[in-house]
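Thank you all for coming; I would like to walk through one model this morning. Please have the sequence and the structure open while I talk.

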Amino acid sequence: MSKPAAAAPSDPSKPSKPLKEVPGSYGLPVLGAVKDRLDFYWFQGDTEFFRIRMEQHKSTVFRVNYSPGPPGYPDSRGIILLDQKSFSVLLDNSKVDKSDTLLGPYIPNLAFTGGYRVLPYLDTSEAKHTAYKDLIFELLHVNSSRIIPEYNKVFAETAGSWEERIAKSGKAEVFASSDAMITRFLLRTIVHKDPAEPGPASLGPKFRDTYQLWTGVNFAGIAHTPLPHFLEELLFHTFRLPPFLVKKQYKALANFYRTHATEALDLAEKKYGLDREETVHQLILILGINARLGLHKMIPALIYYLGLLGEDFQAKIAAEVRSAVHKNRAQGEEGVNITTQALLEMPLLRSTVLETLRLTPSIFYMYGRAREDMVIESHDAAFQIKKGELLGGHQYFVMRDPEVFEEPHKFVADRFLGERGKAVLPYLVWSNGRETESPASSNKQCPAKDVAELITMQFVAEMFLRYDSFEITKDSFINTTELNVHLKSLKKRSV
């Protein structure tokens, strides 16, 4: 069970504790950044990098060089916040500026996005942030009736491929196949076109490779790869890769959206007064990175945790799913049994999804620059922060804060059920905002936060409408940089 919620974060401008200097050092110029980067990617790994320094400084707030940093990337000096109380400042748009801080100290070359600063890099104070976020809200609304049926279709296709692979080789990988499934779902739903379908501007059967290569080069500076460390360091973290390496792939993506996203582009142009060409590039990143990676990463994580919980727990989820679906069975489209109302009547499944989001959020890092001089409090100290300093949070630690969550490193499927679950719900942050808050054009919370939760719940519901249980391979594992999960068996539903 979870602890009763800790007291709500205090006003950072009114410290209740004596001020302390923020501990930590950046080291020598450039050399300090290189040393921290090698520790982060090579010698220690991302979580150990922060854990070691947290223990050294006896503080959850300290100075650090973020990666990748100089010499090939901008000044990466900043302050990390690793507890719930200090981290809360990153959720306060009046305190932090989110301009160009999606990746922390740098923004990729704008040529990767057609020369435009796209929505994730915009601060809430910018007019385009409001306009493009409102556009996304409306696209979700006008396409709401497509969401469940399209997901049902792509799931059935993907599940069939998993069954074939298990029959042929004894296992089915989940990461790449679920990525392809989510990409098809998003483009069918919002763009109204399957990327693999033949025709003008088709991305072809290797559509995932096109998106994956563009994404990889775009975000090479923060990449974790299977390459030997010295090669990864030399190729990706020391200097920036040039956009021309994926010019062909990006041109194909842009042509696909120009040709097929006409309804979305018309809406942007006619109702919101947005530039049609700019909207093409906004949609490529919003759907192809924010939405795609966010929804995709949840699937291997859920399969992993449900696989570890075993057949008895899976039977509980299956019973809840089937009962709610039977009660709220959809009428009309053949093969679509799930409704939104049915998903809302699956509390154990929702708690399981939220617990997965707590331990394995789609993005582990959040950044922002202090808008003004201010004081930030952790659980046991207060620190003076100067205007312009780069603040960052690592949600691996924040979502495992022992002051808020009991057994913080353990997966507890029913953690968010009942009154005790409600008490800790405000401390769950996975969507650039609190679980108890709603996305709006005035904040940075994911505009599809509530839809994403329901879609993720639908994935699990589809699994247990088709199967009684499943197993994962013994060598499956997940961490902050890898989701290496394989299905070993899928036991077809018996009743």
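Which residues does H260 touch, not counting residues up to four places away in sequence? Before I reply, a word on the ground rules: this is a predicted model, in which local features need pLDDT of at least 70 and side-chain atom pairs count only at pLDDT 80 or more, while totals for chains, interfaces and linings use all residues. Residues are numbered from 1 along each chain as its sequence is written, and side-chain values use heavy atoms, with hydrogens and water left out.

Now the reply: H260 touches V191, K193, P200 and A201, where contact means heavy atoms within 4.5 Å. H260 itself is found in helix α9, residues 247-260, and here helices (H or I, at least four residues) and strands (E, at least two) are DSSP runs, numbered from the N terminus. At 15% relative accessibility H260 counts as buried, given that buried means under 20% relative accessible area, exposed over 50%, and partly exposed in between, with a 1.4 Å probe and protein chains only. For a sense of span, the C-alpha atoms of H260 and I376 are separated by 48 Å, and these two residues are 116 apart along the chain.

Let me turn to the salt bridges, by which I mean a side-chain nitrogen of Lys or Arg within 4 Å of a carboxyl oxygen of Asp or Glu. By this rule the count comes to 41 salt bridges, and I will take three of them in turn.

In one of these, the side chains of R37 and E233 meet at 2.7 Å, N to O. This pair links distant parts of the chain, since R37 sits in helix α1 (residues 31-43) and E233 in helix α8 (residues 229-237), 196 residues apart. Both partners are buried, R37 at 2% relative accessibility and E233 at 11%.

Another salt bridge joins D194 and R184, with 2.8 Å from N to O. Here D194 belongs to the loop between α6 (175-191) and α7 (207-218), whereas R184 lies in helix α6, and the two are 10 residues apart. D194 is buried, with a relative accessible area of 8%, while R184, at 23%, counts as partly exposed. These two residues also take part in a network of salt bridges that links R146, E150, E157, R184, R188 and D194.

The remaining example is K491 with E311, where the closest N and O atoms are 3.9 Å apart. Because K491 lies in strand β13 (residues 486-492) and E311 in helix α11 (residues 276-327), the pair ties together parts that are 180 residues apart in sequence. K491 is partly exposed, with a relative accessible area of 45%.

Coming back to α8, which of its residues are buried? They are E232, E233, F236 and H237. Seen down the axis of α8, these residues fall within an arc of 105°, so they line one face of the helix; the arc is that of the directions from the helix axis to the C-beta atoms. The buried residues of α8 pack against α1, and the face turned away from the buried side carries the exposed residues F230 and L234.

Next, some backbone details. The peptide bond from S67 to P68 is cis, with omega near 10°, and a cis peptide bond also joins P70 and P71, where omega is about 10°. P68 lies in the loop between β2 (61-65) and β3 (77-81), and P71 has its place in the loop between β2 and β3 as well.

Although V30 is not a glycine, it has a positive phi of about 65°. V30 is found in the loop between β1 (19-20) and α1, and at 41% relative accessibility it counts as partly exposed. D100, also not a glycine, has a positive phi of about 60°; its place is in the loop between β4 (96-97) and α4 (127-142), and D100 is partly exposed, with a relative accessible area of 25%.

That is where I will stop, and I am glad to go back to any of these sites on the screen.
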